[in-house]
Amino acid sequence: MKIAVFHNQPSGGARRALHGFLSELVQRHTVDVFTLTSADQEMLDDQDVATSVTRMEFAFPHPVRGQLYLNDLRRRQGFRRLREVNREAAERIDSGGYDVALVDTCRFQGAPPILEFMATPSVYFCHHRLFTIDDLPRAPAASAYAWVRDRIHGPFEQWLLRDLWESESRLTRLPARVLTNSDFTRRRMKQVFGVESTVCRYGVRIPTSCPTGAGSGHVLSVGTLEEHKGHDLVIEALSLLPPSTRPRLLLIANDGNPGVRARLVAQAAQAEVDLEISILPRQEELDQAYADASLLAFAGIDEPLGLVVLEAMAHSIPVVAVAEGGVLETVAPGRSGYLVPRQPQAMADRIAELVADPDRAREMGREGRRIVETDWNWPDRAAFLESILESVAVPRPRLVPTGVGG
């Protein structure tokens, strides 16, 4: 097949998932990536997993301090420009003779506008958290200025969020197929937008060299610095352990809200939790952070899947995770880790249990890796996506050699 791929992703789990899928597909098909310059290329490079890469210029306008109403106008203009760039990308894909297009989530608005403009048969892959129109989230203010702006411009913000929700509701109905990364997200897609979708699970990169797991070092928490990642719950849980046995917390993030980071640092200092925050480490540093960890503590709120849970299992370390969202589909309770209610004491008890029993922790780590190798390997997961793309692709006439046939 000749496959066009469009994405405008930030760094994170969905970015790593797309990279993994393409690394398999490009071995058997022509895979041309169309992306925007606003997409992440720092941690992962599309050039490594594509036949060709076309990058189109786009930068979302940053707010200007003191320009309250002007910033609202600039945001609207940013979304209009984003729509124009998506139209240009659709025209390039349609003129390229592609059999099918794989369209990934947009970092700014979920389902991207390219779905409206493209005539090439498309498959849309939804990775992100979905909300009903009456439950749209608002990120916490990153500064005092942002707090004032939010109070003054609340109605404008809600108006914009409603427009974006209505746009996503319409766009998700346009592709030939919609894919989601978990059964949890599939149910949410049906509940929020009334759209049927197919679960296409990720694969996980399995380290070729992996220790026996469950090191004697830190507790690891991985995820962007936003409130919905639940890092504050992990800090609170660790604060409940005796200081003499309290492990250090290493928090690895791709980016995030400066206000959230400041609050986490202050919370850890108040609770006497030794916190280190690492932003966008190199892959080898991330692998080492997993290898040296005693366990992964994961407290994301209604996480669509929680790829970091599977990555921890691939690195042979056990997981203590809040029992909600897609995590219910990844952690094998009592085998690869523990699922706990959203309560600091419940998480603290399981962390303490694994820290005190390294043999148990190592066995859970080994079982987690076995599960990933069997159920979450890239060849099998990519083959499923490949079958979806083939079912949607434009049928091409078969060439019959001269003199053959009736």
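## Exercises on packing and rings

The backbone nitrogen of Ile 114 lies 3.0 Å from a polar atom of the Asn 86 side chain. This is a predicted model, in which local features need pLDDT of at least 70 and side-chain atom pairs count only at pLDDT 80 or more, while totals for chains, interfaces and linings use all residues. Residues are numbered from 1 along each chain as its sequence is written, and side-chain values use heavy atoms, with hydrogens and water left out.

**Exercise 1.** Find where Asn 86 sits, and decide whether Asn 86 is buried or exposed.

*Solution.* Start with the helix: Asn 86 is in α2, residues 68-94. (Helices are DSSP runs of H or I with at least four residues, strands are runs of E with at least two, and both are numbered from the N terminus.) Next, check accessibility: Asn 86 has 0% relative accessibility, so it counts as buried. (Buried means under 20% relative accessible area, exposed over 50%, and partly exposed in between, with a 1.4 Å probe and protein chains only.) Finally, look around it: leaving aside neighbours within four places in sequence, Asn 86 is in contact (heavy atoms within 4.5 Å) with residues including Phe 6, Leu 36 and Phe 117.

**Exercise 2.** Which residues have the most contacts inside the largest nonpolar core?

*Solution.* First, the term: a nonpolar core is a set of buried Ala, Val, Leu, Ile, Met, Phe, Trp, Tyr and Cys residues joined through side-chain atoms within 4.5 Å. The largest one has 54 residues, and Leu 220 and Leu 296 have the most contacts inside it. Then ask which helix gives the most to this core: helix α10 (residues 307-314) does, with seven residues.

**Exercise 3.** Classify the ring pair of Phe 58 and Phe 108, and say which parts of the chain the pair ties together.

*Solution.* Begin with the rule: rings of Phe, Tyr and Trp (its six-membered ring) pair if their centres lie within 6.5 Å, and planes under 30 degrees apart count as stacked, over 60 as edge-to-face and the rest as tilted. A search of the whole structure finds 10 aromatic pairs. In one of them, Phe 21 and Trp 378 are edge-to-face, at 4.8 Å centre to centre and 75 degrees between the planes. For Phe 58 and Phe 108, the centres are 5.8 Å apart and the planes at 65 degrees, so this pair is edge-to-face. Phe 58 lies in the loop between β3 (52-56) and α2, and Phe 108 in the loop between β4 (100-106) and α3 (114-117), so the pair ties together parts 50 residues apart in sequence.

Conventions. A polar contact is a pair of N or O atoms within 3.5 Å; within protein, one must be able to donate a hydrogen and the other to accept it, and residues adjacent in sequence count only if both atoms are side-chain atoms.
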